[in-house]
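Please have a look at it before I go on.

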Amino acid sequence: MRSLEQVLADGIRDIPDYPQQGVVFKDITPLLADHTGFAQVVEALAAAGTDDDGNPVVDKVVGIEARGFILAAPVALALGAGFVPVRKKGKLPAATYEESYALEYGEATIEVHQDAFTPGDRVLVIDDVLATGGTVEACLRLIRRCEAEVAGTAVLLELSFLPGRKRLEGEQLSSLLTV
């Protein structure tokens with residue numbers, strides 16, 4: 001069996017100048033196409049929602065639109081927890097809470113259904129990439145606004161040259177790969 005490090009090295013490819021000149025996009029589609037590797041990644045991300053004996057300690061797993069959905073749904077299944085999507089504004093059909101956050105040029109807003117959590121639910125947040133931390137920070141505010149508890153955040157990839165980890169200082173945060 002390949003190590004997790006090898007799975008990530010084989011499954012994440014760089015696409016230069018996408019979506020714009022000067023950006024190197026981290027493409028995870030090769031990883032998603034590799035059943036064994038994807039299963040290892042799901043297991044590794046799910047570990048953030050377990051205690052030292054491997055028992056699940058979360059009630060819900062949040063996936064942040066869009067690639068976070070792909071990772072969070074199987075993590076929720078692995079943990080025997082519910083899956084909650086956090087989406088861009090206007091994409092959820094029922095009553096929502098919303099949080100806005102700054103982008104490099106402008107602002108974005110994410111939403112969650114007001115009834116997505118029961119007060120006291122322990123929630124694990126899953127996303128693909130931690131960059132500036134703005135999206136995750138807004139997501140954590142949404143969860144707390146619903147009176148749920150943030151158990152932690154796990155990401156596939158952390159960009160160490162951006163301030164995401166510093167922005168989330170004091171939060172339980174794990175990443176499978178840091179570049």
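I will call a residue buried when its relative accessible area is under 20%, exposed when it is over 50%, and partly exposed in between, using a 1.4 Å probe and protein chains only. What you see is a predicted model, in which local features need pLDDT of at least 70 and side-chain atom pairs count only at pLDDT 80 or more, while totals for chains, interfaces and linings use all residues. Residues are numbered from 1 along each chain as its sequence is written, and side-chain values use heavy atoms, with hydrogens and water left out.

By that cut-off Asp27 is buried, at 10% relative accessibility. Its partner is Arg13, which is partly exposed at 43%, and the two form a salt bridge whose closest N and O atoms are 2.6 Å apart; the term means a side-chain nitrogen of Lys or Arg within 4 Å of a carboxyl oxygen of Asp or Glu. Arg13 lies in strand β1 and Asp27 in strand β2, so the pair ties together parts that are 14 residues apart in sequence. Helices (H or I, at least four residues) and strands (E, at least two) are DSSP runs, numbered from the N terminus.

Lys26 and Asp14 also form a salt bridge, again with 2.6 Å between the closest N and O atoms, and this pair links β2 to β1 across 12 residues. Here Lys26 is buried at 18%, whereas Asp14 is partly exposed at 45%.

Turning to helix α3, its buried residues include Phe38, Val41 and Leu45.
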